[in-house]
Amino acid sequence: MKVRCLSDFFAELIGEALIELGVKVVVPVPPRYGKIKEIGWDQVDELCNILEHRFGFKILRVLERKSVFQQKKLSRDERLESISEAYALRPFKKLKKILKPFHDHFPSSVWLLDDVCTTGATLEACAMNLKKAGIEKVNAITLFGVD
């Protein structure tokens, strides 16, 4: 569904939860290549923009999506097998610019934001990359969970 009118509603819910948890920095899970072209926008990025401007959260856009496969079209086993290579940190040159407001260092703690958690493989792959970069504590929040 391509309904953008719910962005404010969901951002408000997430923002309140993150404030209650004492969160300072949010890392969005990046979309699959071509998704924005297909539907015209990225719901996670839109939520992050609202969280940044309305609530004052720092948004750390340091991950990029390498895989072009739609995870929702894969079986659970296929997802788990393919996901480890699907995400990476952005190239060093871009990271330097992104990390300027953070005094050129990764923060010690961040929260990943994604729209849906099905197997947890995406969040695990993203967290692994963030921990390799030196982030000590990586938590996650999603809008929905699917069994």
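Here is a walk through this chain, from its overall layout to its cores and salt bridges.

The model is predicted, so to speak of local features we need a pLDDT of at least 70, and side-chain atom pairs count only at pLDDT 80 or more, while totals for chains, interfaces and linings use all residues. Residues are numbered from 1 along each chain as its sequence is written, and side-chain values use heavy atoms, with hydrogens and water left out.

Let's start with the layout. The chain has six helices and six strands; these are DSSP runs numbered from the N terminus, with helices (H or I) of at least four residues and strands (E) of at least two. Read from the N terminus, the order is α-β-α-α-β-β-α-β-α-β-α-β. Of the 147 residues, 41% count as buried, where buried means under 20% relative accessible area, exposed means over 50%, and partly exposed is in between (1.4 Å probe, protein chains only). Contact here means heavy atoms within 4.5 Å. Among contacts in the chain with a separation of 6 or more, 77% are between residues 24 or more positions apart.

Now for the inside. A nonpolar core is a set of buried Ala, Val, Leu, Ile, Met, Phe, Trp, Tyr and Cys residues joined through side-chain atoms within 4.5 Å. The largest one has 22 residues, and Val27, Leu60, Val110, Leu112 and Leu130 touch the most other members. Strand E1 (25-28), strand E5 (109-117) and helix H6 (121-132) each give two or more residues to this core, and H6 has the largest share with six. Take Val27: leaving aside neighbours within four places in sequence, its contacts include Leu60, Val110, Leu112 and Leu130. There is also a second, separate core of 16 residues, with Leu18, Val26, Cys48 and Leu113 among them.

Helix H6 also holds Thr122, which counts as buried at 16% relative accessibility. Beyond residues up to four places away in sequence, Thr122 touches Val29, Ile83, Tyr87 and Asp114. Tyr87 turns up again among the contacts of Glu64, along with Pro30 and Ala86, again leaving aside neighbours within four places. Glu64 itself is in strand E3 (residues 63-65).

Helix H1 is worth a look too. Ser7 is found there and is buried, with a relative accessible area of 6%. Its contacts, not counting residues up to four places away, are Trp41, Glu46, Leu47 and Ile50. Ser7 and Ile50 are 43 residues apart in sequence but 8.3 Å apart in space, C-alpha to C-alpha. Phe9, also in H1 (residues 7-21), is partly exposed at 47%.

That leaves the charged pairs. A salt bridge is a side-chain nitrogen of Lys or Arg within 4 Å of a carboxyl oxygen of Asp or Glu, and the count comes to four. Arg54 meets Asp8 at 3.0 Å, N to O. Arg54 lies in helix H3 (residues 43-55) and Asp8 in helix H1, so this pair ties together parts that are 46 residues apart in sequence. Arg54 also meets Glu12 at 3.6 Å, so that Asp8, Glu12 and Arg54 are linked in a network of salt bridges. Elsewhere, Arg61 pairs with Asp45, with the closest N and O atoms 3.0 Å apart. Arg61 is in the loop between strand E2 (58-59) and E3 and Asp45 is in helix H3, so the link spans parts 16 residues apart in sequence.
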